[in-house]
Amino acid sequence: MGMGSDAAAVLFPFSTAATTSPRFCGTAVSHRRIFSDVAEDVTVSVDGQSFLLHKFPLVSRCGRVRKMVVDSKDPDLLKLELVNVPGGAFAFELAAKFCYGSNFEITTSNVAHLRCVAEYLEMTEDYQEENLIFRTETYLNEIVLKNLDKSLEVLCKCDGLDPVVEEVGLVDRCVDAIAVNASKEQLVSGLAHLECDVGSAKLRMQCQDWWVEDLSALRIDHYRRVIAAMRRNGVRPESIGTSITHYAQTSLKGVERRHVWDSGPFVGDSQRMIVETLIDLLATENITTVTLSFLFGMLRMAIEVDASLDCRIEVEKRIGLQLEMASLDDLLIPSTQTSDSMFDVDTVHRILVNFLQRIDEDSSGELSPCGYDSDGLKSPSHSSVLKVGRLMDGYLAEVAPDPYLKLQKFMALIELLPDYARIVDDGLYRAIDIYLKAHPSLTESECKKLCKLIDCQKLSQDASSHAAQNDRLPIQMVVRVLYFEQLRLKSSFSGGGGSGCVGVGLGLGADGSLSQRFVCSSSGVPSSCVSPQRDNYASLRRENRELKLEISRMRVRLTELEREQGLMKQQGRMRGGGGRHGGEQGRAFLASLSRGFGRITMFGVGGPAAADRRRKKSGRSPQCSDGKARRRQKASFAYD
């Protein structure tokens with residue numbers, strides 16, 4: 001925005017009533033003399049500065065000065081004091097020059113001051129024709145308000161001229177002029193730059209809105225009025241969104257991020273007002289074209305400047321509409337509370353709630369109660385839920401090492417997502433394992449409660465192998481992992497199951513203990529009722545009985561070990577120590593239990609040497625032995 005040119009300036013010739021050319025002379029700080037040829041007869045004081053002037057030029061054009069002289073009833077009045085002059089001494093000096101007929105230019109830099117001081121001094125047509133109000137209004141209507149650039153500059157110069165600038169309607173006229181001219185320029189430039197992309201057969205608009213950056217120089221209250229006027233005049237939402245983003249980056253770049261350990265100065269009310277105004281503009285003007293990274297930036301700023309709760313909730317709702325496009329760095333919002341965790345987990349929890357509410361609304365076909373225009377925002381689908389599930393697993397792993405993160409908040413984030421949001425639970429298992437490592441003071445009941453959130457059936461083979469050897473997990477969790485791992489092995493070996501399966505099954509009770517049952521054949525008849533040839537199944541029944549006895553011994557040993565562990569923990573609490581010896585015995589027993597599971601996975605686990613020994617003992621032909629071996633491979637243990 002440039003200054004007024006010579007063509008845009010209005011020249012005021014010196015009054016013809018003067019016989020000699022007056023000259024302006026520099027004066028001291030406290031006194032100013034406009035003319036030195038004729039002795040002055042009045043001193044006008046404005047904001048601590050005194051001007052030595054003549055009564056006649058002032059009285060002939062200024063209604064306020066005339067009234068002050070008349071009301072004083074003193075023909076020899078020597079001093080006048082003007083208070084609350086809009087524009088101060090600078091504006092009054094320009095008005096005084098106009099009264100004396102001095103030559104000077106009306107430009108975009110001083111027209112706002114001249115218009116306001118003319119209103120203050122009542123320089124209307126009632127006292128003289130083509131007075132200062134008339135001259136400034138002519139300049140505004142013919143030059144300023146027809147040009148977007150000049151309207152912006154004049155609006156910027158309105159700062160500090162309240163309340164007179166509002167009374168004369170200068171702000172409203174500049175705001176409307178900016179909006180109308182921006183809309184016209186967009187229409188003209190859009191038609192001029194409308195091109196057809198032959199390759200994609202799509203229309204492409206190439207239009208650069210130069211005024212986007214210039215709007216950042218406006219005061220926040222003026223900027224809000226300009227954006228509202230632009231929306232009314234049909235300016236493109238994309239341009240308005242770009243302008244809001246640029247304004248935030250320009251006006252809030254001095255706000256540095258504070259950490260919980262910082263003790264910097266408190267952020268002023270002006271920056272808080274900027275943040276709250278910009279967020280309110282997004283809601284009231286229904287701006288949905290801003291980027292997700294900008295929304296996260298505004299959320300961080302709202303937290304930093306302690307903006308109102310309504311503003312934060314508004315941004316969180318908008319982020320929740322497109323959470324599947326967020327990155328892990330976006331969610332890592334530092335906490336500003338010294339007594340809380342390092343990251344703002346509560347804010348992420350609310351964002352996730354908004355995302356899930358959006359899914360429920362889409363699935364039920366209801367309209368959003370927030371009243372958002374969701375044009376351009378795709379409804380969350382199942383793939384979006386899976387993306388958010390992976391995103392939250394990564395977030396949980398990042399915040400898990402925080403020693404100040406409470407278990408309730410950590411579990412609340414895990415429980416919030418539905419089961420179908422995770423195809424595998426490897427990421428969840430990793431996050432929980434990190435949390436257990438960073439919080440060794442958790443009680444056994446808390447560890448059990450946390451580990452129950454892991455679905456062992458969704459763990460991959462690598463995660464199951466790691467969990468089976470993880471000393472931080474409760475014993476019940478390890479038993480469940482081993483149980484489902486044996487189920488997976490049994491399923492892979494059986495190839496989807498065969499007919500006539502016979503054997504003893506292991507099951508997990510509600511308390512995680514082992515249970516034992518017989519397995520029915522594929523026809524639904526219990527295996528004890530199946531009547532195979534005795535010579536073919538005699539050895540099979542014998543091996544079943546041996547394995548049943550071994551399982552019974554394991555169960556008894558597990559019960560005894562749990563009882564010993566409970567006693568040692570009780571003694572450890574009394575002595576202030578821990579029952580680590582019992583835990584080591586438990587781990588050793590689980591290792592032996594895993595080896596026992598490996599033995600009973602299949603009946604043909606003995607290998608070729610064992611098969612040769614059985615063939616020699618039975619004295620049957622190799623063909624018969626091979627058929628018997630194949631029948632043995634069809635028999636396996638089943639697990640609940």
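Entry 1, ground rules. I am reading a predicted model, where local features need pLDDT of at least 70, side-chain atom pairs count only at pLDDT 80 or more, and totals for chains, interfaces and linings use all residues. Residues are numbered from 1 along each chain as its sequence is written, and side-chain values use heavy atoms, with hydrogens and water left out.

I looked up E3, residues 42-46. Strands (E, at least two residues) and helices (H or I, at least four) are DSSP runs numbered from the N terminus. Are its residues buried or exposed? Five of five are buried. Buried means under 20% relative accessible area, exposed over 50%, and partly exposed in between, with a 1.4 Å probe and protein chains only. I checked both faces: Val42, Val44 and Val46 are buried on one side, Thr43 and Ser45 on the other.

Two strands pair if DSSP finds at least two bridges between them. E3 runs antiparallel to E4 (residues 49-53), with five bridges. Valine 44 has phenylalanine 51 as its bridge partner there. Two residues lie between the strands of this hairpin, and aspartate 47 takes a positive phi near 50°. E3 also pairs with E5 (residues 79-82), in the parallel sense, over four bridges. Threonine 43 has lysine 79 as its bridge partner in E5.

I found leucine 278 in helix H12, residues 269-284. Why does leucine 278 count as buried? Because its relative accessibility is 1%. Leaving aside neighbours within four places in sequence, its contacts (heavy atoms within 4.5 Å) include Ile220, Tyr247 and Met298. Isoleucine 220 is 58 residues away in sequence, yet 8.6 Å away in space, C-alpha to C-alpha.
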